[in-house]
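Hi everyone, thanks for making time. Let me put the model up and walk you through a few parts of it.

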Amino acid sequence: MPTLDMSQVELREVNQTLQGAAGTQIAEPYEIINPRGSHAVACGLNGPLTVTVKGSTGYYCAGMNKDATVHVEGSAGPGVAENMMSGTVVIDGDASQYAGATGHGGLLVIKGNASSRCGISMKGIDIVVHGNIGHMSAFMAQKGNLVVLGDAGEALGDSLYEARLFVRGSVKSLGADCIEKEMRPEHLKVLANLLEKAGADAKPEEFKRYGSARKLYNFNIDHADEY
Amino acid sequence: MCGIVGLFLKKDELRPRLGDMLTDMLITMTDRGPDSAGIAIYGDAADGLKFTVQSDDPAAFDGLAEALETTLGVSIPVTLKDTHAVLLVPTEKEAAAIEALEARDLRIMGIGEAMEIFKEVGLPKDVAERFGLREMGGSHGIGHTRMATESAVTTLGAHPFSTAEDQCLVHNGSLSNHNDMRRRLAKKGVFTKTENDTEVGAAYISSRIAEGATLGEALEGTLKDLDGFFTFVTGTKTGFGVVRDPIACKPAVMAETDDYVAFASEYRAFADLPGIDTARVWEPEPATVYFWER
């Protein structure tokens with residue numbers, strides 16, 4: 001397995017090497033050692049490459065990922081898998097703020113906790129957090145699924161559009177226009193599939209579903225005084 | 001932006017290495033704050049008060065020891081470190097020493113039994129080199145790399161800010177009610193030296209402690225009384241505390257082992273700490289006070 005040692009190789013060369021390999025049809029899996037919290041590790045991968053990062057990363061790891069599989073054997077800093085298009089990103093430890101922000105597709109798995117603003121403005125990505133998530137998660141989330149095995153912080157799903165939120169534990173508070181919704185068979189099916197893909201030991205029936213009340217979609221003249 | 005680092009040692013064996021470890025952490029945070037850098041380091045408690053004073057013109061320190069001896073009537077040891085000097089003043093001569101130093105236009109950066117403060121404009125690595133930060137030992141210390149937003153890039157605008165004996169504060173963020181709070185503190189007789197927002201935060205905490213609050217209570221108070229963005233790290237003679245505002249958009253990460261508690265704006269700053277691979281690493285919760293005391 002080709003190994004890139006970040007104590008020897010500059011970040012730009014690491015990413016160029018990975019991006020080059022991702023462009024070929026059959027690339028060997030890559031391993032990155034000594035990431036030492038570096039920013040933008042394994043960003044912009046554009047093909048079916050597998051990358052394992054041995055250690056913790058800083059800001060924006062695996063950003064804009066397309067088709068590649070990135071596995072971080074450590075924790076990730078702010079903005080992990082930001083604007084991911086497809087593929088899989090797995091974080092063994094915790095993720096900092098705005099994990100999976102604006103993601104269009106693919107699967108982000110966080111085996112520890114995610115902090116504030118997880119899945120903010122998500123647009124189709126699936127995010128599974130084995131632990132807890134912080135405040136303002138899924139703010140203005142438009143599409144996709146956010147699954148949380150632990151608890152959610154304050155103002156979950158504020159100003160939510162059509163993303164589905166599944167939380168097994170407690171929710172400190174729901175944001176504006178976010179409500180608990182009925183869990184129907186089709187939701188249980190989606191959830192079971194995501195839990196299996198994320199290697200999560202939980203039953204779909206243990207979760208509650210939250211979604212948009214769709215009251216903020218249009219301007220309501222009766223609320224004019226509140227603005 | 002700005003970068004913050006902090007290190008609180010639980011075991012005495014690491015004390016001689018405190019400055020070295022903090023310097024590496026500080027330099028790693030250069031990208032977050034290349035304008036100025038500063039460090040507060042808590043060493044052995046002195047028999048008296050350590051005054052850290054600063055002058056842009058090192059010639060201002062010429063004849064300082066002799067002049068103070070004449071004015072105060074006792075011998076005052078003076079240790080020069082680049083633009084700063086550390087003076088050891090008998091506790092009962094504190095007021096007279098402040099008057100004498102101000103008369104010579106020397107800036108007092110901090111006073112304390114244990115704390116010394118060094119801060120200057122420039123890259124963190126250069127600031128660390130000028131003061132010999134690597135060689136300094138101690139029980140705990142906090143450092144800051146500044147990217148100025150709220151007031152000018154000057155030595156006095158660099159962090160840490162000290163507003164009471166052995167107390168100091170570093171800050172990432174910006175306070176929006178600092179002018180109002182500055183006026184409120186002035187009414188209580190608490191005055192700041194600069195136009196800087198962080199100094200107001202430091203003065204607020206000091207005034208609460210002076211009124212009898214614990215460090216934890218004073219930090220709790222910042223959540224109610226200060227408006228704006230902040231991740232604060234504060235040092236006292238025996239303690240080290242952390243608080244983030246409820247929105248918590250300024251980054252923060254902590255690490256703890258049997259040997260130390262460390263704080264940084266980013267995990268990168270921890271990469272060289274001993275035992276970091278097996279340390280408990282976590283992101284401090286918003287609106288939650290953390291503090292350690294020995």
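This is a predicted model: local features need pLDDT of at least 70, side-chain atom pairs count only at pLDDT 80 or more; totals for chains, interfaces and linings use all residues.

So, the largest nonpolar core has 79 residues, and the ones touching the most other members are Val5(B), Leu7(B), Leu22(B), Met25(B), Leu26(B) and Ala264(B). By nonpolar core I mean a set of buried Ala, Val, Leu, Ile, Met, Phe, Trp, Tyr and Cys residues joined through C-beta atoms within 7 Å. Buried means that 20 or more other C-beta atoms lie within 10 Å of a residue's own, with C-beta atoms placed from the backbone. Helix α1 (residues 18-28) of chain B gives this core its largest share, 6 residues; helices here are DSSP runs, H or I, of at least four residues, numbered from the N terminus.

Residues count from 1 along each chain as its sequence is written, while chains are lettered from A and ligands numbered from 1 in the order written.

Back to Leu7(B): beyond its neighbours within four places in sequence, its contacts include Leu22(B), Met25(B), His140(B) and Tyr260(B). Contact means C-beta atoms, placed from the backbone, within 7 Å.

Apart from that core there's another one, of 70 residues, including Cys43(A) and Tyr210(A).

Lastly, where the chains meet, 10 residues of chain B and 13 residues of chain A take part.

Note on methods
Two residues are in contact if their C-beta atoms, placed from the backbone, lie within 7 Å. A residue is buried if 20 or more other C-beta atoms lie within 10 Å of its own, exposed if 12 or fewer, and partly exposed in between; C-beta atoms are placed from the backbone. Helices (H or I, at least four residues) and strands (E, at least two) are DSSP runs, numbered from the N terminus.
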